[in-house]
Structure formats: structure tokens, C-alpha cells
Amino acid sequence: MNAILNVVFPVFGLMLAGYLVGRAGLLGEDSGRALNGFVYYVALPALFFGSMAEVPLNKIFNWPLILAFGGGTLITFLLAIVVALVFFRGRFGEISMHGLTAIFSNTGYMGVPLLQIAFGQEGVLAAVITTVITAVVVISIGVILLELDRHKDSAPLVIARNASAGLAKNPLILSALAGILYSASGLPLPLPIATFMELAGNAAAPAALFAIGLFMVGKSLTEGMVEVVWISSLKLLVMPLITAWLAYSVLGMQGVDAKAAIIQAALPTGALMFVLAQQYGVYVQRATSVILVSTVLSVLSLSALFVLLGVE
């Protein structure tokens, strides 16, 4: 419980700091959007490139871990989309964000320290792999869906052309691909570049959380609470259950990798969903509420999960 609280409390602290600064009007009306732009165009690309460039490709491809966590992510996403289409109807971008917020785990800011505390260096490697899946694959899918939503009123060929152009210029996808290519070269990053990537990348999560606090000023977090609780339940309960079934019953996994996959699947929704939502101007308030509510509830759900998995 203490380990979980030690990780969760700073998350709330940063959001609260942003809220108080925004409430006092210290940074101006456009500060949140400017900060979000910094995260999207500078901090996250640095994080993605630096993370991918420094991890050997042969260590990333831990297939049982990838299949357990990735399979749990995919099945939960499809379930969320089906339910959203039936009960929470909206435009294509809103339905897409409904599914994405149900699967985007806070693997980097919460998962890495939790797995390091629980399993040491072996846990850190599992955290890196699941973070790559979350940050690169899920974000890429999200960008594709939101680009399609942005151009949905155009002709099919125009939609395909515009969406492809949006993807080709997207800083998150470009930085991840560049990192993979650099990793494949086998060359170490020059120290000044590695230091820049680390400094800028480390700013991504704190800046995103602070921006959430700024956005929350004057907003009602109780709006759409049924949907928010449903998504939080998917994230904290359903996704780890599916991942556990895949890990133990389907793939026959044992040890740290199985437990790490389940813990990463059980993490609350990450702040980057707010960044993506605000960048495309869709589902911003609902994504903010899901991040906040799922993070609060994760203190109890993660504590119970650690006991069930026998993690001290």
C-alpha cells in the first residue's frame, strides 16, 4: 500500500498544483494549451525516441509478455467500442477515445516505479516493453482513428490522403520510428543527445499532469459519471482479468513476466490520453475525469491485486 501511495500521491500533487495555479490565473488563459503543445511536440517525441533508441530490439520482443499485455489491451478495446456504440453513442472520434481511455495504462509514470519496487531490474525491463506497446502502438492507433475522424466529411480518397499526411507528420509516430531505426543500427546515442532526450522526456508526464489541473478549472468532473465509472472499471478490473487469463491459461506464463503484464494492465488511465484528446479537440473533459477517477480507485484495486499476486 505504501509503495502504491508513494507513486499515486505525486500524480495528484501535480494535478492539484496545476488546478491551483489555473484557479489563481497566474499563467493566463492559453497556458494549458501551450503546455500541452510542449508535451506533444517536444517532450513526448524525446521520450519516445530516447526510449526506443536505447533498448536493443532483441530485448523488446518478449513475445509471451507482448501477447498477454497486448491481447488484454486489444480485447478490452473491442469490448469498450462495442459498449460505446450501443450505450454511449457519439461521433467517431468520441467512440474511439472511449475505447482508448479504457486501455491506455499509466505504464511509464506509475508502472515503472511499481515494477521496480516489486521485482527489481527484471520488473523494469517488463515495464519498458509494456510502455513501448502503450506509448507507441496504442498512441499510433489513436492518431490514426482521430485523423480519420478529423477528415470524416471528405470523400474516401481525400480521407485516406489527409489521414496519411497527418500520420506522416505526427511527431509521436515519427519519433518512435526514428528510435527503432536507431536501435537497429546498434550505435549508442551520443551523450549530449541522450541527455537532451532524457531531460525533455522526463518532463512529459509532469507537464501533462499539470496541464490537466489547468484544464480542470471551472469544469464539472461529475458530468457523464456513468460513462466515466464504466471506463474506469474496464481499465482497473476487466483489462487485468483478461490479461491474467491470457497469461496463465492461454500462454502458460509464470513468474515475473506474468505478474508484470497483469499489474501494467491494472494501472489507471495515463495522462497522455488528455494530451491526445486536447490536441484533437475531442473527448477532453471525459478523458480528464477518467484519468482522475481511475487514479483514485487504483489505490484500492492495485493494493488488492498486489495481495492476490503475492507481491510484497
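The model is predicted, so local features need pLDDT of at least 70, side-chain atom pairs count only at pLDDT 80 or more, and totals for chains, interfaces and linings use all residues. Residues are numbered from 1 along each chain as its sequence is written, and side-chain values use heavy atoms, with hydrogens and water left out.

**Helices α6 and α13**

- Helix α6 covers residues 107–119 and helix α13 covers residues 255–265. Helices (H or I, at least four residues) are DSSP runs, numbered from the N terminus.
- The two helices pack at an angle of about 145°, with axes 10 Å apart. Axes are lines fitted to C-alpha atoms over the stretch in contact, and angles run from 0 to 180 degrees between N-to-C directions.
- The crossing of α6 and α13 is right-handed.
- From α6, Thr107, Gly111, Leu115 and Phe119 meet Val256, Lys259, Ala260, Ile263 and Gln264 of α13. Contact means heavy atoms within 4.5 Å.
- These contact residues divide into 5 nonpolar, 3 polar and 1 charged. Ala, Val, Leu, Ile, Met, Phe, Trp, Tyr, Cys and Pro count as nonpolar, Asp, Glu, Lys and Arg as charged, and the others, Gly among them, as polar.
- An α-helix has 3.6 residues a turn, so residues three or four places apart point the same way.
- α13 is largely enclosed by the rest of the structure, because 8 of its 11 residues are buried. Buried means under 20% relative accessible area, exposed over 50%, and partly exposed in between (1.4 Å probe, protein chains only).
- Among the buried residues of α13 are Val256, Ala260, Ile263 and Gln264.

**Aromatic pairs**

- The whole structure holds 2 aromatic pairs. In one, the ring centres of tyrosine 40 and tyrosine 41 lie 5.1 Å apart with planes at 80°, so the pair is edge-to-face.
- Rings of Phe, Tyr and Trp (its six-membered ring) pair if their centres lie within 6.5 Å; planes under 30 degrees apart are stacked, over 60 edge-to-face, and the rest tilted.
- Tyrosine 40 is buried at 3% relative accessible area, whereas tyrosine 41 is partly exposed at 49%.

**Two single residues**

- Tyrosine 283 sits in the loop between α14 (272–280) and α15 (284–308). Its phi is positive, near 65°. Most residues other than glycine have a negative phi.
- Tyrosine 283 is buried, at 12% relative accessibility.
- Serine 183 lies in helix α9 (residues 171–185) and is buried, at 11%.
- Leaving aside neighbours within four places in sequence, serine 183 contacts Met52, Ala53, Val55, Pro56 and Leu57.

Conventions:
A crossing is left-handed if the near helix is turned anticlockwise from the far one by less than a right angle, and right-handed if clockwise.
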